[in-house]
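Colleague: I would like to go through the labels in this model one at a time and hear what stands behind each.

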Amino acid sequence: MSISKTMPVSRFIKVKENKSGVLTGISFSDEETFNFAFDIVDAIADREPDRRAMIHISRDGRERVYTFGDMKRHSSRVANYLRYLGIKKGDHVMLVLKRHYQFWFAMLALHKIGAVAVPASNMLLKSDFEYRFKKGNIDAILCTADGEVSAEVDRAAKSYRNLKHRILVGGKRPGWRSLNRDVRYFSSHFARPEGDEAAGGSDPMVMFFTSGTTEYPKLAVHNFRYPLGHFITAKYWQQVDPDGIHFTIADTGWAKALWGKIYGQWMCETCIFVYDFDKFDAKEILRMIDQYKITTFCAPPTVYRVLVHLKLEQYNLSSLQHVTTAGEALNPEIFNRFKTKTGLEITEGLGQTETTVIIGTLIGTTPRPGSMGKPSPLYDIGLMLPDGTEAETYEEGEVVIYVGDPELGEVHPPNGLFTGYYDDEERTRGVWHDGYYHTGDTAYIDDDGYYWYVGRTDDLIKSSGYRIGPFEIENEIMKLPYVLECAVTAVPDPIRGQAIKASIVLNNGIEASDKLRADIMRFLKKNIASYKWPKVLDFESELPKTTSGKIKRAEIRKQDYTDNDK
């Protein structure tokens, strides 16, 4: 797919490709006025109003199909409604909407007004909301009626007096407005604001709470240029088909949803598929890929670990053209199993809440099992040693992004990189200094320029003088056919300083035993160096995860260190 002259995105993005369609460069124009809602969604709606934008399946199985014309009308109604309530440019509006279709109406509406969207998980409790309300200076909230979420919001609001509006989606509750009921009375036409009320470019657009696996969540701020960076996410990494259907497994409370469920996909004019499920069911996901002929699919490694253990031949997956994964590194064993069963190669990508895809197996890059791929042309990527020098080939270093030398006045953050942590200069300086953004991810580069993930800087294990990344050990354990997933972490050791622990979840029907533990250790001793052998091996029923599917190694580590102190 090339950028045609009729595509709205072509006004803002200019790409350079070689004859094979490989992206070699990207530049932007009119970016200081860019507003995704007006310049992409409404522009497509004006040109091709009946073009399909989203297929939405409710948890009760109801199917809804929305065109770009529908998206323009519904978002304009919501924008008029929110503005009637007094919500204005710069206000902070939290969205706790699961995968409800109203999330997309609300996001576009907030973009049109210029209010800042703050997506959050529906799994939050009173104390979580208390922290997030205060940290984010939240002015209003749109919240699902499902479960006890709105009750938790009410409990949190007792200690936070600045929440001006509570808007419920999908039900009724005393003290709350009803979006579905109220929005019907407002016009489907919303004129683009002008002057001081116009929003775009460098204005703040969305703020994400980070996963918070090692500390209280930070709040990463992105401006209106952020969606421009996701053009590469969709076109060159996910390789979406403008005439196809893209399906990303992600909840709207996390940044990954905006990676795969709105910005880049709609810039490529692709229809997105949304399934508003409560509990993940791999067989149901496969059935929908089969039924709706999904063409591109993206999910965290956790999902693929489950899929490879199912009878995939029972489903027609022939419509799939490309599959991707991000969130944490993918084990080569899972890559190989999935390819054997489907013929598809899972292509990896590395990015964060603070970025778009910074390293990935983009178009023209041959996948290498276990490798993240190569840097995106959007970012100036390097590997840095603790002393600030550049890592050599095969030498582990921290992934950093060059943003310009501030002393020379040459700071030019790429579109897609966050602008800082909200109201937290200290944390911002902690990761963004000396002309670089420090990701906290470690990797090494091979002779061909491929990057290989090692781990988070705070996941590294220091044992007997060795710095050990958990991923390589996990890869070996995942090769065992009876292992569903695992996490390798550090445990305190009086001699080594830290020792290695492996927490393992077995497939259904496999019983934990001392014999099985001995078999695993025997296998590892044959396949990895002695300094990487786990001292502790525990069988668990499940591993702690964030709602976005990442294993919370910090939580396992914290519990082990707490137990040791008792």
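Colleague: Which residues in α1 meet which residues in α3?

Modeller: This is a predicted model, to begin with. In it, Phe-36, Ala-37, Phe-38, Val-41 and Asp-42 of α1 meet Leu-108, His-111 and Lys-112 of α3. Meeting here requires heavy atoms within 4.5 Å.

Colleague: What makes the span of α1 close to the expected one?

Modeller: Helix α1 covers residues 36–47, which is 12 residues, and reaches 16 Å from its first C-alpha to its last. At 1.5 Å a residue, 16 Å is also what is expected.

Colleague: What is found at the start of α1?

Modeller: A side-chain oxygen of Asn-35 comes to within 3.1 Å of the backbone nitrogen of Ala-37. The cut-off for a polar contact is 3.5 Å, so this pair qualifies.

Colleague: Why is α1 described as mostly covered?

Modeller: Nine of its 12 residues are buried, and buried means under 20% relative accessible area. Among them are Phe-36, Phe-38, Ile-40, Val-41 and Ile-44, along with Asp-39 and Asp-42. The cover over the buried residues of α1 includes α2 (68–85), α3 (102–113), α7 (226–238) and α9 (263–267).

Colleague: Which members of the largest nonpolar core touch the most others?

Modeller: That core has 103 residues, and Phe-36, Met-71, Leu-82, Leu-95, Leu-258 and Trp-266 touch the most other members. Helix α3 gives the most to this core, with nine residues. A second, separate core has 56 residues, including Phe-277, Tyr-304, Val-488 and Ile-504.

Colleague: What does Leu-95 touch?

Modeller: Leaving out residues up to four places away in sequence, Leu-95 touches Phe-103, Ala-106, Met-107, Leu-110, Ala-117, Val-118, Pro-119, Ala-120 and Leu-142.

Colleague: How do you know whether Lys-98 is buried or exposed?

Modeller: Lys-98 has 6% relative accessibility, and the limit is 20%, so Lys-98 counts as buried. Lys-98 sits in the loop between β5 (92–96) and α3. Its phi is near 50°, a positive value in a residue other than glycine.

Colleague: And Asp-423, is that buried or exposed?

Modeller: The relative accessible area of Asp-423 is 65%, and exposed means over 50%, so Asp-423 is exposed. Asp-423 lies in the loop between β21 (420–421) and α13 (425–431). Asp-423 is not a glycine, yet has a positive phi of about 55°.

Colleague: Which residues of α4 are buried, and against what do they pack?

Modeller: In α4 (residues 126–136), the buried residues are Phe-129, Glu-130, Arg-132, Phe-133, Lys-135 and Gly-136. The buried residues of α4 pack against β5, β7 (140–144), α5 (149–157), β10 (204–209) and β11 (219–223). Just after α4, Asn-137 takes a positive phi of about 45°.

Technical notes: Residues numbered from 1 in each chain as written. Predicted model: local features only at pLDDT ≥ 70, side-chain atom pairs only at ≥ 80, totals over all residues. Heavy atoms only, no water. Helix = DSSP H or I, 4+ residues; strand = E, 2+ residues; numbered from the N terminus. Expected span 1.5 Å × (residues − 1). Buried < 20%, exposed > 50% of the residue type's maximum accessible area, 1.4 Å probe, protein only. Polar contact = N/O pair within 3.5 Å; in protein donor to acceptor, adjacent residues only side chain to side chain. Core = buried A, V, L, I, M, F, W, Y, C linked by side-chain atoms within 4.5 Å.
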